[in-house]
Amino acid sequence: MTVYVAHAPADRAAAEALEKFLERRGQFVEPDDGTTALAPVRQSDAVVLLLSKDFVFGPTRLRLEQRALDAWADQRLIVVKLDKGIAPVGLRDLPAIDASFEAQREFKWQEVASKVRETLARPPALPQEPDEPDEIEARPAQKQRGGALSAIVLLLLALPGVGAAAVATAIWLANRIGPAPGTLEDLRRGVEEFGVRYGAPAGATEWVFLAVMIVTLAIFASFLARLFAPRAKPAKRKASPPPVSAPEPEPGRSDAVFVSYARANAKDVLPVIEAAKAQGRSFWIDQKGIGAGQSWAGEVVRAIRTAGGVVVMCSKAAFESDHVKREIYLADRYRKKLTPVFIEQAEPPEDFEYFFAGVQQLKLFDTPEAERPDALMRALGAAT
């Protein structure tokens with residue numbers, strides 16, 4: 001279990017103070033300022049995100065945000081505010097520990113430590129796949145141990161044949177010396193005399209030598225066949241992660257399209273969606289305003305994981321919405337096809353542009369109102 005302390009480079013002193021505090025309480029801590037690629041956050045880890053004005057304007061903000069949202073999606077994120085600065089979109093409404101008063105930080109670190117212990121003790125948010133990375137890595141090791149044992153056994157079985165071959169070769173070479181080189185009969189006689197000398201029954205040594213040498217030849221032939229045989233391609237398995245390791249969609253996938261929108265745009269969004277529903281398309285739309293403080297395994301997360309696609313109703317309000325930012329992130333995490341639909345003229349911020357790169361967009365505000373449901377249906381048909 002690792003506790004990552006994500007922080008802007010300018011907040012290194014606060015991160016190191018928290019690191020020492022947590023390490024004194026038995027935690028393994030890894031500082032993360034976003035300048036170095038670290039291992040992906042696992043469901044057994046925790047991330048403490050230190051937010052400040054330096055974080056918002058820091059050069060590594062997007063990378064740290066990505067890791068923070070990875071941890072948030074798995075219920076592994078703890079947010080700590082070092083000052084009264086405004087957090088980035090997507091993180092602003094998350095519960096946070098206020099450590100803005102430096103004189104009180106030692107007490108706040110204790111609160112952080114309690115949250116870390118609670119987070120690390122929490123079971124994984126998502127069910128584990130049958131083949132976990134640790135298990136996958138363990139299996140080759142088990143095969144290596146089994147292969148080493150088999151090699152030792154085969155070596156022991158081959159030793160008598162090697163010894164018999166060595167004795168026969170020595171006798172044959174001794175017979176070759178002199179003016180009259182020995183024949184095959186001389187070799188057989190020499191082998192027989194060798195066996196009798198060591199107590200073997202008459203006539204048995206020649207056949208024992210032949211048998212053990214055949215076994216040895218078979219062992220070497222098997223070894224060579226396995227050495228030069230073409231290796232079978234490993235069976236494909238589900239990927240783990242990543243850094244951005246994305247979990248596989250859970251069973252029960254539906255054809256419903258998840259609608260991500262800002263609540264302020266409801267009067268422009270809902271009529272278009274209802275008209276598209278009337279044409280037979282299925283949608284999942286949150287009209288209850290599920291809060292960020294509720295369980296991440298709630299309705300919205302399950303709906304995105306099982307959705308047939310995600311349509312983002314883009315507007316100035318949507319680009320300022322924490323909910324929309326997190327929903328887009330989850331869509332990318334679960335590898336859902338995004339359909340950005342602009343209901344007004346608005347320029348996507350840098351972090352939204354990342355998710356929209358290479359994705360066909362629909363400018364619904366340029367379409368006559370009566371034709372908007374059909375335009376949306378066509379865009380969805382091409383995207384899912």
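The report below starts with the basis of the model and then turns to the fold.

## Basis

This is a predicted model, in which local features need pLDDT of at least 70 and side-chain atom pairs count only at pLDDT 80 or more, while totals for chains, interfaces and linings use all residues. Residues are numbered from 1 along each chain as its sequence is written, and side-chain values use heavy atoms, with hydrogens and water left out.

## Overall composition

The chain has 12 helices and 10 strands, taken as DSSP runs (helices H or I, at least four residues; strands E, at least two) numbered from the N terminus. Of its 384 residues, 41% are buried, that is, under 20% relative accessible area with a 1.4 Å probe, protein chains only.

Leaving aside neighbours within four places in sequence, F356 is in contact (heavy atoms within 4.5 Å) with residues including V312, I328 and P340.

## The open sheet

Five strands form an open sheet in the order β7-β6-β8-β9-β10, with parallel pairing, where pairing requires at least two DSSP bridges between two strands. Because β7 (283-285) and β10 (362-363) stand at the edges with a single partner strand each, one side of each is left without a neighbour in the sheet.

Strand β6 (residues 257-260) is joined to the parallel strand β8 (residues 309-314) by 4 bridges, and F258 stands opposite V310 in β8.

Note on methods:
Buried < 20%, exposed > 50% of the residue type's maximum accessible area, 1.4 Å probe, protein only.
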